[in-house]
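Colleague: Thanks for sitting down with me. Could we go through how the two chains meet?

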There are 2 protein chains.
Amino acid sequence: MNKRAGAPPTIIDVARQAGVSIKTVSRVMNKEPTVHADTRARVQEAVAALNYRPQLSARSLAGAKSFLIGLLYYDPSAAFVAGVQQGATLGCREAGRHLVVESLQENGADVQAQIESMLAALRPDGMILTPPLCDNPAILETLRAQRTPCVLISPAGEGHGMASVRMDDALAAEELTNLLISLGHKSIAFIEGNQAASQRRREGYERALKAHRLLPDPSRIVPGTFQFESGVEAARRLFALPEPPTAIFAANDFMALGALTEAQRRGIAVPGDVAIVGFDDSDAASLVWPPLTTVRQPLAEMAMAAVQMLLAGDARFDADAPAPVRVLPHEVIVRGSTAAPAKGRA
Amino acid sequence: MNKRAGAPPTIIDVARQAGVSIKTVSRVMNKEPTVHADTRARVQEAVAALNYRPQLSARSLAGAKSFLIGLLYYDPSAAFVAGVQQGATLGCREAGRHLVVESLQENGADVQAQIESMLAALRPDGMILTPPLCDNPAILETLRAQRTPCVLISPAGEGHGMASVRMDDALAAEELTNLLISLGHKSIAFIEGNQAASQRRREGYERALKAHRLLPDPSRIVPGTFQFESGVEAARRLFALPEPPTAIFAANDFMALGALTEAQRRGIAVPGDVAIVGFDDSDAASLVWPPLTTVRQPLAEMAMAAVQMLLAGDARFDADAPAPVRVLPHEVIVRGSTAAPAKGRA
DNA sequence: TTGAAAGCGTTACCAA
DNA sequence: TTGGTAACGCTTTCAA
């Protein structure tokens with residue numbers, strides 16, 4: 001006897017229809033190998049006929065998995081969330097999981113409480129953390145205490161022993177700097193940011209200079225905050241130097257756009273008088289003139305990899321196994337903001 | 001007897017600790033009024049002592065709610081997802097719900113299957129749809145068939161009888177146009193987009209012109225695609241007119257940025273020779289020079305309202321009750337890309 | 001105002 | 001290879 005019609009079919013309905021036990025249906029649904037091919041076919045037929053889909057809450061209550069992956073973030077740029085999320089949702093779909101997103105409210109003390117409460121309620125199979133949360137020791141400790149598998153996206157340091165996915169910021173910066181050098185630039189300034197990524201990018205910048213025996217000039221390395229305005233300010237200082245640089249490498253696009261704006265305000269031609277490169281390939285990078293030469297972070301791919309690592313068990317707390325780190329390839333995008341320096345200025 | 005230590009406490013542990021039945025604990029957790037104050041206090045004490053948190057899967061299996069809200073999107077701009085999501089996660093947290101995000105893969109035929117499968121597995125308490133999904137009749141029909149409460153964010157038309165949240169695009173466009181008119185502009189061009197919102201914005205633009213007895217000139221209304229390049233192209237056509245406009249209203253920021261770029265490439269000063277306004281307050285709007293005068297959509301607020309409507313039952317399929325529509329206030333943001341027209345050009 | 005017991009739909013253990 | 005049956009942790013119904 002069917003329950004009231006209209007109610008979604010349950011495993012019992014399928015078992016009855018296929019003439020097997022519910023346990024066998026369960027085995028088929030979970031792709032367990034120990035089922036006879038005929039039986040399996042019969043069950044699958046019944047599943048299709050009834051349009052049966054196992055209910056998540058029942059599965060997770062009875063079993064060990066929740067089929068949920070959590071994505072935790074706090075005040076990142078829109079492009080960053082969107083990119084990561086795109087990859088995470090795709091990865092989850094492929095794996096039959098679902099993505100639960102939580103944007104933490106504040107970086108205050110109750111953040112831990114927020115996380116604990118989420119973990120207790122949802123019991124996610126794994127968590128994905130983005131900067132700056134993935135660099136917050138208190139948060140990582142909370143997660144570790146609950147033994148929730150985690151993968152960090154682009155952590156600042158070594159990820160505190162947790163699995164992580166990143167791109168090679170230093171290498172990308174080195175490539176970008178090499179591009180400028182190969183165009184003929186010898187006087188290349190660097191605008192720093194106030195996040196961990198900036199440090200790594202600067203390393204690559206200096207590595208490239210050294211490889212070409214161009215001595216880094218401290219006066220050409222100016223601070224910034226990853227904000228547009230700080231790029232304007234930094235450029236102002238650079239253009240005021242007795243010998244202004246012929247190229248500017250900003251640690252992110254926003255600051256590069258600030259530098260671009262300041263150059264244009266002063267009638268300094270880009271890329272004619274000064275070449276400018278950024279980092280991140282933000283939306284705005286291709287929405288200005290000249291469009292910005294920059295580096296694309298493989299955000300979606302990184303998030304997808306994170307999901308895969310989570311489900312492959314790479315993020316378990318296996319004690320002495322070193323935490324795995326996956327490094328994904330980036331892409332240098334050459335646009336109109338770079339060119340060879342004007343005659344006599346190289 | 002406690003289970004193995006380390007396992008999270010259950011309702012049974014709390015009941016034992018408080019000396020009441022599990023049903024009473026359940027009542028307290030669900031804030032049911034029919035509990036004596038003393039009993040309630042005793043239970044809450046036990047809950048705090050054990051750090052008890054009800055498990056979602058058990059709650060949803062036993063009860064009628066899943067405590068999950070779904071957010072469905074397909075290829076929107078990063079800023080749009082990020083904005084909506086910020087509001088949705090906050091709204092969910094306040095309501096003790098969690099946000100499950102699904103980004104559909106394609107706008108193809110299997111989209112319905114994707115949705116059905118999600119609904120069957122998750123049984124979300126409600127769904128939030130963003131454009132263009134919220135304008136897709138097939139998708140809406142699928143949702144309606146499952147009787148899942150839905151709230152549409154900025155649907156194109158009347159929302160097909162479903163609850164929706166929107167801003168008043170036409171009013172905002174009218175205000176923006178009025179701003180230009182009040183600055184002294186009489187020759188204001190409009191760059192259209194290829195989405196429903198563009199239509200509404202154009203209505204407001206024309207309303208403002210008519211109110212000031214400025215006849216809309218068809219040659220000053222040019223098509224676009226909401227993409228940067230189409231803004232460049234549109235501006236090219238406008239600047240080639242015998243009498244170029246003194247102001248350009250682009251139906252979104254990306255096209256406005258294209259127009260800005262084209263103006264600068266031609267040495268046409270902004271806002272001196274031509275004023276430019278956009279729509280959406282995208283990141284890039286404040287990352288260029290001059291920064292763009294535009295309109296901010298209250299995306300986060302709209303999403304938060306959507307969650308509230310969902311939980312208030314505003315989105316139930318109550319047959320003859322008309323679907324509720326909430327309209328949220330926007331914000332006109334005046335920046336550097338607008339000024340009075342140059343003498344003699346008004 | 002409180003409680004006992006019967007589910008909810010699935011997985012897991014153990015036996016056949 | 002299969003099936004019976006006991007969990008899983010909570011809400012709900014019905015009684016007290």
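**Where the chains meet**

Modeller: Happy to; let's start with one pair, in which A:Val101 stands opposite B:Leu99 in S2(B). Please keep in mind that this is a predicted model.

Colleague: How much area do chain A and chain B bury between them?

Modeller: The size of an interface is often given as the accessible area lost when the parts come together. Here carbon and sulfur atoms account for 56% of that area. The total for chain A and chain B is about 4,400 Å².

Colleague: Which residue of chain B forms a salt bridge with A:Arg93?

Modeller: Across the interface the rule finds 2 salt bridges. The rule asks for a nitrogen within 4 Å of a carboxyl oxygen, and in the bridge of A:Arg93 the closest N and O atoms are 3.9 Å apart. The partner of A:Arg93 is B:Glu102.

Colleague: Which element gives the most to the side of chain A that touches chain B?

Modeller: Several elements of chain A each supply at least two residues to that side, among them helix H4 (56-62), helix H5 (78-94) and helix H11 (253-265). With 9 residues, the one that gives the most is H5(A).

Colleague: And how many residues of that side are nonpolar?

Modeller: That side also has 14 polar and 7 charged residues. The nonpolar residues number 27.

Note on methods. Residues are numbered from 1 along each chain as its sequence is written. Chains are lettered from A and ligands numbered from 1 in the order in which they are written. This is a predicted model: local features need pLDDT of at least 70, side-chain atom pairs count only at pLDDT 80 or more; totals for chains, interfaces and linings use all residues. Side-chain values use heavy atoms; hydrogens and water are left out. Buried area is the accessible area (1.4 Å probe) that two parts lose on being put together, summed over both. A salt bridge is a side-chain nitrogen of Lys or Arg within 4 Å of a carboxyl oxygen of Asp or Glu. Helices (H or I, at least four residues) and strands (E, at least two) are DSSP runs, numbered from the N terminus. Ala, Val, Leu, Ile, Met, Phe, Trp, Tyr, Cys and Pro count as nonpolar, Asp, Glu, Lys and Arg as charged, and the others, Gly among them, as polar. Two strands pair if DSSP finds at least two bridges between them.
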